[in-house]
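Please prepare a briefing on the structure shown below, with the main points grouped by topic.

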Amino acid sequence: MNGPLLEGRNITVRFGRGTDALEAVRGASLTLHPGEIVGVVGESGSGKTTLARVLVGLQPAAAGTVQLEGRPVVEAHSKERIPKNERWKIQMVFQDPYSSLNPRMRAWAAVAEVLQVWRGMTRKQARAEAFSLLESIGIGESQARRLPKALSGGQRQRVSIARALAPEPKILIADEPTSAIDQSAQARLANLLRRLRAERNLAILFISHDLALVRYMTSRVYVMRRGRIVESGPTETVLRTPRHTYTQLLMESLPGQGSREARS
């Protein structure tokens, strides 16, 4: 397709009503094309996760629309979520690998469950495919037979990614996927996501506060502050020559980039 695979247009999200209402996202627009990795950066509370939840259909918007393959799938004030026959196309990996998996379900079973629901496989087919999918992302058979508590944080996050990949989506929204795991596991997970993009032509929206990781992962980036997108463009351009004061402060907060901390 020539246009964006996923597009958010003027998304606004409010929590509460009247004078006490909080605008968590204000007029945010972004695009994601097939096979690209796009970053969304900003401090905690900047609205990154709320925007992601709207894009995947988990959070209603007060204003704006979400288009998938050029068709509206989420509209403001609508109680409808992304239509069931479209949901497989966009999947999300959440920040916390400790709470995103059923603690009583073994890794292979967590993936097989998705395969049965979304791809109509028999239990036997789903079991075989689950082991194969987990193996392809670095989870061997012995690890696949374990409960989440017997896996490391990085391994749990890989299982979460396998669950998200099981419906064979076109889009993966990765919400701070490396923040709850150690540094060596972060590097392996980043390389895994890059490999998956290349192998599957997967479009990835990569949400993070880690600018160094975003520079490594993404081709374009959006910078969020207080619910607004304040700057966007090619990642290297935005991070090398930031125009907005907030982006400049974020860059200066990196080790070796200055002593000031970014302030909202």
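Is Ser 232 buried, partly exposed or exposed? With a relative accessible area of 33%, Ser 232 is partly exposed, where buried stands for under 20% relative accessible area, exposed for over 50% and partly exposed for what falls in between, with a 1.4 Å probe and protein chains only. This is a predicted model, in which local features need pLDDT of at least 70 and side-chain atom pairs count only at pLDDT 80 or more, whereas totals for chains, interfaces and linings use all residues. Residues are numbered from 1 along each chain as its sequence is written, and side-chain values use heavy atoms, with hydrogens and water left out.

- Ser 232 lies in strand β10 (residues 228-234), strands (E, at least two residues) and helices (H or I, at least four) being DSSP runs numbered from the N terminus.
- Leaving aside neighbours within four places in sequence, Ser 232 is in contact (heavy atoms within 4.5 Å) with Val 221, Tyr 222, Val 238 and Arg 243; Tyr 222 is 10 residues away in sequence and 4.4 Å away in space, C-alpha to C-alpha.
- Ala 28, in strand β2 (residues 22-32), is buried, with a relative accessible area of 1%.
- Not counting residues up to four places away in sequence, Ala 28 touches Gly 8, Arg 9, Asn 10, Ile 11, Leu 51 and Ile 229, while Val 230, 202 residues apart from Ala 28 in sequence, is 9.2 Å apart from it in space, C-alpha to C-alpha.

- The 13 residues of helix α5 (residues 153-165) should span 18 Å at 1.5 Å a residue, and the end C-alpha atoms are 18 Å apart, which agrees; the expected span is 1.5 Å times one less than the number of residues.
- Helix α5 is mostly covered, with 12 of its 13 residues buried, and what covers these buried residues includes β6 (90-93), α2 (107-119), α3 (123-136), α4 (141-144), β7 (171-175) and α6 (183-200).
- The buried residues of α2 are Ala 107, Trp 108, Ala 110, Val 111, Ala 112, Val 114 and Leu 115, and they pack against α3, α4 and α5.
- Just after α2, Gly 120 takes a positive phi of about 65°.

**Nonpolar cores**

- Of the 49 residues in the largest nonpolar core, Val 111, Leu 134, Val 159, Ile 161 and Phe 206 touch the most other members; such a core is a set of buried Ala, Val, Leu, Ile, Met, Phe, Trp, Tyr and Cys residues joined through side-chain atoms within 4.5 Å.
- Apart from that core lies another, of 30 residues, among them Val 40, Val 73, Ile 173 and Ala 203.

**Largest pocket**

- The largest pocket holds about 500 Å³ of space.
- Of the 21 residues that line the largest pocket, the closest to its centre are Gln 91, Met 92, Phe 94, Trp 118 and Arg 163.
- The elements that give two or more residues to this lining are β6, α2 and α5.

**Positive phi in loops**

- Most residues other than glycine have a negative phi.
- Glu 69, in the loop between β4 (63-68) and β5 (71-75), has a positive phi of about 55° although it is not a glycine, and counts as buried at 17% relative accessibility.
- Glu 176, in the loop between β7 and α6, has a positive phi of about 50° although it is not a glycine, and counts as buried at 7% relative accessibility.

Note on methods:
On a 1 Å grid over the protein atoms alone, a cavity is a set of points where a 1.4 Å probe fits but cannot get out, and a pocket is an open set with protein on both sides within 12 Å along at least five of seven lines; lining residues have an atom within 4 Å of a point. Grid points are joined across faces, edges and corners, and a volume is the space filled by probe spheres set on the points.
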